[in-house]
Amino acid sequence: MSPRLIPTGKAQPETLESRARAAYLGLALGDALGATVEFMTPAEIRHKHGMHDRIIGGGWLRLKPGHVTDDTTMALALGEAMLEAGADFSALHAARAFDRWMAGKPVDIGNTVRHGILRFRRTGETAMPYDEQAGGNGACMRVLPVALASVGEDDALLERACLAQAHVTHHQDQSDAATLCVARMVRDAVLGADIGDLHHHCVAPLIAAHPAFAFRGRRQENPSGYVVDTLRAVLQALFEHDDFEPTLVDVVNRGGDADTTGAISGMIAGALYGEASLPERWLRALDPAVRACCIVQAEALLRCPPMGEAITASTVSL
């Protein structure tokens, strides 16, 4: 079955696959690169690493070189659930996937993510109540599978799928808006959009609706897990550079939640600049099992059947 296409005139099927692979590999590369300096300040990074630009592991999680964190493994868990469910994918499939993921004792897990999964275990409810304080970046960091599965589909389907997976753990306006924006940026870049297109069609509407995301001006350093800080750092790095590697090096050297800013920047920049832009030394350093999973899922998600009306929040009796 051929990938579904939107007739942009920019991307051919083989290019779609390459950009999808680059997006998934970019997510993992940014995660692995940023994990080394997560929770460090820019000054601490400079003192210890100079300009951090190598995938060497370590960091507060004491990772082996090339290993990744929850950013990548949650995305892979979501992607697996989407492929298994196909057209029947719903919030319940996402919740069960996240539950299995947490049961596997991941190397790291955010408090909001943990709270949402535990609530699902207790109640069977797959949508958290709205919480103004739940504006973390956990729903945004794992959204890549939705973006790839939605290539060629209408925007309403992408929105339903994004929010269904997001609300399992995060239900807050800024989290929703950032998650949708990133998914649209990846989808459009896979289809051949350039950085100007992404600003016009994805970023400008986000800022018009939520001015806190405006990213021009003061450099966002030491970004927290608050999704506004995260996306401001990501957008600054994306729009200040014109290739994959300098974008990723810039954003992770800002410190803070660097594995997540690296992961989100990596998925967008990978889709924008393609496989040829991914540094070979980083690909060699990436955990081979993770690299293989990213490639397989990227290609499979482009070919999964269109998701249907089941993409809604749902409850299961426990």
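## Stop 1: helix α9 and its ends

Just after α9, select Gly-192, which takes a positive phi of about 110°. Keep in mind throughout that this is a predicted model.

Now select the helix itself, residues 173-190. At 1.5 Å a residue, its 18 residues should span 26 Å, and the end C-alpha atoms are 26 Å apart, so the two values agree. Is α9 enclosed or open? Of its 18 residues, 16 are buried, so the rest of the structure largely encloses this helix.

## Stop 2

Select Leu-191 and Ala-32 together: the two are 159 residues apart along the chain, and their C-alpha atoms are separated by 26 Å. Ala-32 belongs to helix α1, residues 13-35. Its relative accessibility is 3%, so Ala-32 counts as buried; the cut-off is under 20%.

Which residues does Ala-32 touch, not counting those up to four places away in sequence? They are Ile-55, Gly-66, His-67, Val-68 and Leu-286.

## Stop 3: two loop residues with positive phi

Move on to Phe-39, in the loop between α1 and α2 (42-49). Phe-39 is not a glycine, yet its phi is positive, about 75°. With a relative accessible area of 53%, Phe-39 is exposed, because the cut-off for that label is over 50%.

Then select Arg-62, in the loop between α2 and α3. Arg-62 is another residue other than glycine with a positive phi, near 55°. Its relative accessibility is 75%, so Arg-62 counts as exposed.

## Stop 4: helix α4

Select residues 91-103, which form helix α4. The 13 residues should span 18 Å at 1.5 Å a residue; the end C-alpha atoms are 18 Å apart, so the length agrees with expectation.

Colour the buried residues of α4: Ala-91, Leu-92, Ala-94, Ala-95, Ala-97, Phe-98, Trp-101 and Met-102. An α-helix has 3.6 residues a turn, so residues three or four places apart point the same way.

What covers the buried residues of α4? The cover includes α3, α5 and α8 (155-166). Just after α4, Lys-105 takes a positive phi of about 60°.

## Stop 5: the largest pocket

Show the surface and look for the largest pocket, which holds about 370 Å³ of space. Its lining consists of 23 residues. To find the centre, select Gly-110, Asn-111, Asn-137, Gly-225 and Asp-257, the lining residues that lie nearest to it.

Which elements give two or more residues to this lining? They are α3 (70-85), α5 (111-123), α6 (138-141) and α13 (258-273). The largest share, 3 residues, comes from α5.

## Stop 6: helix α11

Select residues 227-240, helix α11. From its first C-alpha to its last, this helix of 14 residues reaches 20 Å, close to the 20 Å expected at 1.5 Å a residue. α11 is mostly covered, with 13 of its 14 residues buried.

## Stop 7: Asp-250 in α12

Helix α12 covers residues 244-252, and Asp-250 lies in it. Is Asp-250 buried or exposed? At 9% relative accessibility, Asp-250 counts as buried.

Show the side chains of Asp-250 and His-241: they make a polar contact at 2.7 Å. Leaving aside neighbours within four places in sequence, Asp-250 is in contact with Arg-219, Ala-237, Glu-240 and His-241.

## Stop 8: an aromatic pair

The structure holds 3 aromatic pairs. For one of them, select Phe-244 and Trp-282: the ring centres are 6.2 Å apart and the planes stand at 65°, so this pair is edge-to-face. Phe-244 lies in helix α12 and Trp-282 in helix α14 (residues 280-285), so the pair ties together parts that are 38 residues apart in sequence. Both Phe-244 and Trp-282 are buried.

How values were computed: Residues numbered from 1 in each chain as written. Predicted model: local features only at pLDDT ≥ 70, side-chain atom pairs only at ≥ 80, totals over all residues. Heavy atoms only, no water. Helix = DSSP H or I, 4+ residues; strand = E, 2+ residues; numbered from the N terminus. Buried < 20%, exposed > 50% of the residue type's maximum accessible area, 1.4 Å probe, protein only. Polar contact = N/O pair within 3.5 Å; in protein donor to acceptor, adjacent residues only side chain to side chain. Contact = heavy atoms within 4.5 Å. Expected span 1.5 Å × (residues − 1). Phe/Tyr/Trp six-rings, centres within 6.5 Å; stacked < 30°, edge-to-face > 60°. 1 Å grid on protein atoms, 1.4 Å probe; cavity = no way out; pocket = protein on both sides within 12 Å on 5 of 7 lines; lining within 4 Å. Points joined across faces, edges and corners; volume = space filled by probe spheres on them.
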